[in-house]
Amino acid sequence: MLATALLWASPAPAEEPQQQLPKLRHTAWSQDTGAPPNIWAIGQSPQGDLWLASGAGLYRFDGVRFEQFRSDGVRALPSEIMGAMLVTPAGDVWVGYHSGGISVIRDGRITNYADGPPKGTVKQFVQGPDGAVWIASFGGVAIFRDGRWTSVKWDPAYGRPFNMLAGRDGSLWVAAQHAFLRIDPVTLRVQKTNEPVSGAWALTEAPDGRLWLSDEALGLRILDPAQVLRPDFVPARKAPSPAQLLVPRRLLFDSAGVLWGAHEDGKGIFRILDPRRAPSNRILTQADVDQTYGATQGLTSDLPGALFQDRERNIWVGGTLGLDRFSVADIVTARSIPSSTREGYRAVVTPQGRLYLADADTLYRFDDAGRPEAIHRGLGHPNELCAGRDGQVWMAADRGLSRLEGRRLVPMPLPPAAQRRVVLACAQDGAGDLWASIAGVGLFRQDGATWRGPLKAHLPDGFFPRILVASAKGDIWAADPGFDLFAIGKAGVRRITAADGLDIGEIKFIKADAQGGVLAGGERGLARGGLEGRFQSLTVDRRPALSLVSGIAEDGLGATWIGTIHGVIKLSTRALDKAFADPAAPLDMRRFDVRDGLSGAPQQHCCHGTVFADGRQRIWLLTNRAVGWVDPRALSHNPVPPTVSILGVTANNEPRAVRPDMRLMSNVRDLRIDFAAPSLVAPDRVRVLYRLRGVDADWVDPGARRQAFYTRLRPGHYRFSVIAANNDGVWNKTGATLDFVIPPTFVQSRTFLALLALGLASIVGGAFFLRLHFAALRIEQRYEARLAERERIARELHDTLLQTVQGLVLKFHGLVGGLPSNAVRGQMEEALDRAELVVTESRDRIMDLRTVRSSEDLVRRLRGAADLSTSRRPPELRVISQGETRRMIPSALDEIIQIGSEAIRNAVSHSGGDLVEVEVAFEPAAFRLTVSDNGVGIPAGRLEHAARQGHYGFVGMRERARNLGGELAVDGQDGTRVELIVPARNAYETRRWFLDRLLRPPERVEIQAPSGCSPG
């Protein structure tokens, strides 16, 4: 890509300030930068990028990259040699081929039309006001409307149709080989005009409605649409000579009304700046051309094939060797000033606003219109220009010090010690005295006609300043690279160092400000201060744009212009003042560089300013290549924000087509989103911001990158947004958005999470219950051991002590039977009765010691409770068991037996009835035990006073029931009914059989060998 300031060949220097002509900058893309050759048609999509139809295929161009379009993935374009193209406002791309046939690209999909349109090379498409598309080919003219092709009845005498134009009234104008025609868009009737045509080349409509037609015979002429339709009208005109004939092959009116044309004879392009001044029916000649531009000036080719203006007002020229762009340039190069030599330029503006400029050889003076005039040549290496209060100008040079008088430079006498010395700098102070810095000697002041000096007090040795500036208060400021800054006034000399806030590195220039202080520019920024010695510095540490500051000027319109190594910066003077007062204050800047027409970069020669403002508020810029100027009152502004679009999504290296509410695959490891925000004025100045909701906390600035990358996105709904601003900071805040969903994998789904939570809960619960089980098992094992010990004791007591006592009682009974009936025998029988009672009670206690092993033991023990009663006539006992027998908790079973036994003994001993019923019910929700009799019952209130009367049976039963977490109910009406209800969780064992087998230690099994056999 080649970018240059536009140098139009024209009768007058078009870039000079007095010429009110559009300021343009030329940029070229040749084949070696990717541009296709033989570009015949150019169009712009709604997204802002260009479509190029060429002899090498169809291309898209976003201002940076060329991309060829061949196929939509299903269908391919039938040919790469194209002759015509149309891009509709809806974004449809119509392509016509040299070999015939048409393709339409709509929403990225190709439709090829081999049948329907006229045969032969396609020359042009136009779209009418109703949206219908007209086609001109060597086979005739046709219209595509409502999805159908309709051919226009074509007379072969017309010749081949070459150019078409959809007029404002909806009619179609056609320039053919031998006729100029009008076609009615409704009836398709063809009307031949009175305008003769021979080999038509170009046809367009001017903003005023007139038609501009070019052919081989008469060249370019202007037609009145009403007159050409009158059969009786014969225009009075004369064909120009062949040398003056102007035959453009392409015509274009831009948005400013300027006519652009492409020469048919290989001479590049031309412009007619005010086409309105030409009368109708006039034939234009080469003399009517205002400007031309060809390969000599930098055009890629002298044979242009397409002219187009985009919506940002850029003019595009497609040629045989590449693509050219002409865009508005705010900075214009002064062609009258030769390109810079190695020594650069020197300039000064007088208090009256007059600009003087010197190059290595010539001194120029600029008039009020900004035109330079060479007033003296042979300068002999000027070092500096300085101006006095009355407009006097001096020049410090290698040959000495000179004063400008009229158009002559008059040498001035120097001090004897400075004869034939190089004068480095000069300045006039507030008293009117002239100061001069002389190399190798020092600093001198001219008082009247007398030179005084050199001034050495408080100045360092070897200090020969190359910068001298007088402040508004009349003081002299002096600086030289490698030294500090010095302020010289009536109070003496003051040295300014970094300790005083002057932290800008090597000083490049000094400029007096309106407050009596100075502004100093250096390699590390910009500083401002005064005679009091305090400076504020804006350094590159916080303001990177202020690198190598080489000049500064105020335009009188509220803006300050600063020359830096990166270009010229424009900012608000008020904002600059605030930044000096508060280094953290915002400082918005607009930069002008080569993209705005600046030729080169601001010169870095020490120690001369590079930015000046003249009396007409123009800003002059001295670069290392040329002298340029800019009018702050006429800066261009691009009001068109970039059109933002999302081009594609790539998930896990798999491209996906963009569509609303996209659903990607699960487990997206890598995601790339491609987007675009084309702006064809300055693509590299487009600023883009993007954000992915839920991931990016704020907008992300990707710089020049047009892709966003994300990794390991979690499942969920996402919204990706992109916004962009053009080169002038005009934002498209609507931008583009993309909503997409990343579904969860199974392990990321809610189902899995629920199962995982359930599993974890099961594990935790299982571990908890397993711990409880082991604890219960240990308790049970200890309980079993204790019960086993109790059973052993019960056996021993029963088999030894109880049997012995029982034997003694029986023996005494035998002895008592042989005694006579007297008092002694009565006492003996009474003692034996008591002994039997002791045996009975001992047997009860022994039975209490024995362990209840199962629910069957419960029934057996309850039956045994009646047998242990001392009643001489015990009632009948019925035991009923209901429900499926269940394994019971041993401790609970023992308590239940105690309660039941006590209830049965009470019924047998005290009820006086003849029937006791015991009901054992194994219910799912609870265990229920009921003991009832048909005896006398229990009087009301007796149970409440039982404890006070020493009867603790019922009290103990209630206590045992409470310990079980159950309920005990006693009803004494119509006999006695005692009912115990124990919840299932407190009565039944709940261990599963497999846990029992898995967790219970193996029981020891003893096998006794049969009698007479030995083990094994």
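Guide: What follows concerns a predicted model, taken topic by topic.

Visitor: How many disulfides does the structure hold?
Guide: The structure holds 1 disulfide. Cys-386 and Cys-426 form it, with their sulfur atoms 2.0 Å apart.

Visitor: Which parts of the chain does that pair link?
Guide: The pair links distant parts of the chain, 40 residues apart. Cys-386 belongs to strand S34 (residues 382–387), and Cys-426 to strand S38 (residues 423–428).

Visitor: And is the link of Cys-386 and Cys-426 left-handed or right-handed?
Guide: The link is left-handed, with -110 degrees about the S-S bond.

Visitor: Why does Cys-386 count as buried?
Guide: Cys-386 counts as buried because its relative accessibility is 5%, and buried means under 20%. Cys-426 also counts as buried, at 2% relative accessibility.

Visitor: Let us turn to aromatics. How many aromatic pairs are found in the whole structure?
Guide: A search of the whole structure finds 30 aromatic pairs. One of them joins Trp-94 and Phe-144 in an edge-to-face arrangement, at 5.4 Å centre to centre and with 65 degrees between the planes.

Visitor: What about Tyr-293 and Phe-326?
Guide: Tyr-293 and Phe-326 form an edge-to-face pair, 5.3 Å centre to centre, with 85 degrees between the planes. Tyr-293 lies in strand S25 (residues 291–293) and Phe-326 in strand S28 (residues 322–328), 33 residues apart. Tyr-293 and Phe-326 are buried.

Visitor: Which residues form an aromatic cluster with Trp-94?
Guide: Trp-94, Tyr-113, Phe-125, Phe-144 and Trp-149 form one aromatic cluster.

Visitor: Which ring does the charged end of Arg-160 sit over?
Guide: The charged end of Arg-160 sits over the ring of Phe-138, 4.0 Å from its centre. Arg-691 lies over the face of Trp-699, at 4.4 Å from the ring centre.

Visitor: Now the cavities. How many of 30 Å³ or more are there?
Guide: The count comes to 4 cavities of 30 Å³ or more. The largest cavity has a volume of about 210 Å³.

Visitor: Which residues line the largest cavity?
Guide: The largest cavity is lined by 18 residues, with Val-328, Ser-636, Asn-638, Val-681 and Asn-727 nearest its centre. The lining divides into 4 nonpolar, 6 polar and 8 charged residues.

Definitions and conventions: Residues numbered from 1 in each chain as written. Predicted model: local features only at pLDDT ≥ 70, side-chain atom pairs only at ≥ 80, totals over all residues. Heavy atoms only, no water. 1 Å grid on protein atoms, 1.4 Å probe; cavity = no way out; pocket = protein on both sides within 12 Å on 5 of 7 lines; lining within 4 Å. Points joined across faces, edges and corners; volume = space filled by probe spheres on them. Nonpolar A, V, L, I, M, F, W, Y, C, P; charged D, E, K, R; others polar. Disulfide = S-S within 2.5 Å. Helix = DSSP H or I, 4+ residues; strand = E, 2+ residues; numbered from the N terminus. Buried < 20%, exposed > 50% of the residue type's maximum accessible area, 1.4 Å probe, protein only. Phe/Tyr/Trp six-rings, centres within 6.5 Å; stacked < 30°, edge-to-face > 60°. Lys NZ or Arg CZ within 6 Å of the ring centre and 35° of its normal.
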